Amino acid sequence: MFDGYRMHDNHQVLITSDEGIVKDIVHINEAGDNVQEFSGILTPGFINCHCHLELSHMKGSIVEKIGLIEFVTRVIKDRHFPEEQIFDAIDKAERQMLDEGIVAVGDICNNQLTIPQKAKGRLYYHNFIEASGFVPQVAETRFERAKDIYDAFSNKLSGNSTYSPLGAGGFNSIVPHAPYSVSEELWKKIIGFADNRVMTMHNQEMAAENELFTKKEGEFLQFYEQLNMDASAFRASGKSSLQTCLPKFLHEQPLILVHNIYTSAEDLAYCQSLSHPPDIYWCFCPNANLYIGGLLPDIDLFIKNNVPIVLGTDSLASNYQLSIVSEMRTLQRNFPFVKLEKLLGWATINGAKALHLGDRLGSFERGKKPGVVLCEATLTGAKRLL
């Protein structure tokens with residue numbers, strides 16, 4: 001049994017109520033009758049810290065390894081399907097997450113299409129309403145659009161007691177898409193939005209992102225031209241994209257940085273040098289990284305710097321499944337030095353803390369209702385028990 005922090009031997013027994021609320025972990029000699037035994041690892045439910053549920057209908061529509069810029073272009077141009085098809089794909093994708101033992105999701109939202117599914121209350125969601133707009137002149141309209149979506153989620157879900165199995169309805173935030181897609185004017189509106197409790201941002205997915213900020217050169221300039229976007233107002237900072245954007249966030253603000261493929265040792269040192277940095281969690285989506293660009297972040301660098309790591313699946317446009325077990329298996333295959341206990345901690349308690357759910361999910365601690373999942377010892381699958 002993995003309790004969210006450490007492994008227990010098979011002489012320990014998890015005691016829960018019929019509703020799945022944790023009562024205790026005791027020695028088998030103290031557990032009484034009716035002890036159920038399973039083959040595998042009992043673990044708290046998994047936390048998917050980065051998903052795009054609204055893109056589930058794009059599964060298989062974008063070929064692998066076309067690079068981030070072409071991938072983003074294809075998503076922008078090809079995401080429009082009949083609503084019935086979109087709703088059906090969202091339903092199937094959520095059911096897969098449930099089957100794979102996921103209990104909570106940090107979900108990126110650019111529209112309202114996932115609201116009907118989320119209203120069923122099957123999973124806890126923190127809805128990250130994404131705002132983007134690199135041209136300063138569109139900052140006001142782009143933020144107001146994000147605010148309209150935020151209001152729709154808040155009005156249609158948060159007041160609905162059936163929305164979340166945790167009974168709290170989830171939370172919503174307005175967040176920046178990525179450093180390369182948000183103008184200074186839009187940054188100010190996003191960061192100044194008072195209701196943001198947890199923030200997230202796509203970070204350093206390709207080398208060109210840092211090249212843009214250090215020199216105002218590289219592939220993103222051609223990307224802006226292709227989309228008829230005027231980049232003349234942008235000024236290179238001479239620093240990496242992360243070092244440029246991190247000071248914009250509020251002191252000690254919870255922040256999930258996603259992908260981090262080109263995050264360097266210098267970037268990590270910069271984060272640790274700030275007197276009041278955001279409360280950063282580093283989210284990895286290895287299957288999506290391999291799907292889009294064929295590269296993975298330097299996991300060893302983050303482990304050596306002792307920073308909190310969490311896991312995500314990204315979308316079915318960039319992945320073949322929404323499974324945290326599959327993400328762990330990919331990391332285990334490519335970074336065999338990472339112990340299973342550490343991977344499970346990233347997938348459970350770290351993810352719960354990143355979404356500010358550490359008091360309810362992520363570990364087998366008394367009073368919590370984290371879900372109980374049976375995970376194969378070889379990470380070949382998972383089954384929800386409670």
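1. Overall burial. Buried residues make up 56% of the 386 residues in the chain. Buried here means under 20% relative accessible area, exposed means over 50%, and partly exposed lies in between, with a 1.4 Å probe and protein chains only. The model is predicted: local features need pLDDT of at least 70, side-chain atom pairs count only at pLDDT 80 or more, and totals for chains, interfaces and linings use all residues. Residues are numbered from 1 along each chain as its sequence is written, and side-chain values use heavy atoms, with hydrogens and water left out.

2. Fold and dimensions. The chain has 13 helices and 13 strands. Its radius of gyration is 21 Å, close to the 21 Å of the globule rule for 386 residues, so the chain is as compact as a globular protein of that length. That radius is taken over C-alpha atoms, and the rule is 2.2 Å times the number of residues to the power 0.38. Along the principal axes, the C-alpha atoms fill a box of roughly 70 × 45 × 40 Å. Helices (H or I, at least four residues) and strands (E, at least two) are DSSP runs, numbered from the N terminus.

3. Contacts along the chain. Take the contacts between residues at least 6 apart in sequence: 73% of them join residues at least 24 apart. Contact means heavy atoms within 4.5 Å.

4. Strand β6. Eight of its eight residues are buried. Y124, H126, F128 and E130 point one way, while Y125, N127, I129 and A131 point the other way. β6 pairs in the parallel sense with β5 (residues 102-109) over six bridges. Six bridges also join β6 to β7 (residues 171-176), again in parallel. Two strands count as paired if DSSP finds at least two bridges between them. H126 of β6 is the bridge partner of G106. A131 has P176 of β7 as its bridge partner.

5. Largest pocket. About 960 Å³ of space lies in it. Its lining has 41 residues, and I76, R79, N110, E130 and S132 lie nearest the centre. The largest share, five residues, comes from α1. By class, the lining has 21 nonpolar, 13 polar and seven charged residues. Ala, Val, Leu, Ile, Met, Phe, Trp, Tyr, Cys and Pro count as nonpolar, Asp, Glu, Lys and Arg as charged, and the others, Gly among them, as polar.

6. Pocket criteria. On a 1 Å grid over the protein atoms alone, a pocket is an open set of points where a 1.4 Å probe fits, with protein on both sides within 12 Å along at least five of seven lines; lining residues have an atom within 4 Å of a point. Grid points are joined across faces, edges and corners, and a volume is the space filled by probe spheres set on the points.

7. Second largest pocket. About 770 Å³ of space lies here. The lining has 27 residues, with V13, L14, Q36, F38 and L42 nearest the centre. β1 (12-16), β3 (41-44) and β12 (372-375) each supply at least two residues. β1 gives the most, five residues. By class, this lining has 15 nonpolar, eight polar and four charged residues.

8. Positive phi. Most residues other than glycine have a negative phi. N228 has a positive phi, near 55 degrees. It sits in the loop between α7 and α8 (241-245), and counts as exposed at 73% relative accessibility. H259 is not a glycine either, and its phi is positive at about 90 degrees. H259 lies in strand β9 (residues 254-259), and counts as buried at 1% relative accessibility.

9. I190. This residue is in helix α5 (residues 184-191). At 0% relative accessibility, I190 counts as buried. Leaving aside neighbours within four places in sequence, I190 is in contact with A131, F143, I174, V175, P176, V182, N196 and M199. I190 and F249 are 59 residues apart in sequence and 9.5 Å apart in space, C-alpha to C-alpha.

10. A194. This residue lies in the loop between α5 and β8 (199-203). A194 is exposed, with a relative accessible area of 73%.
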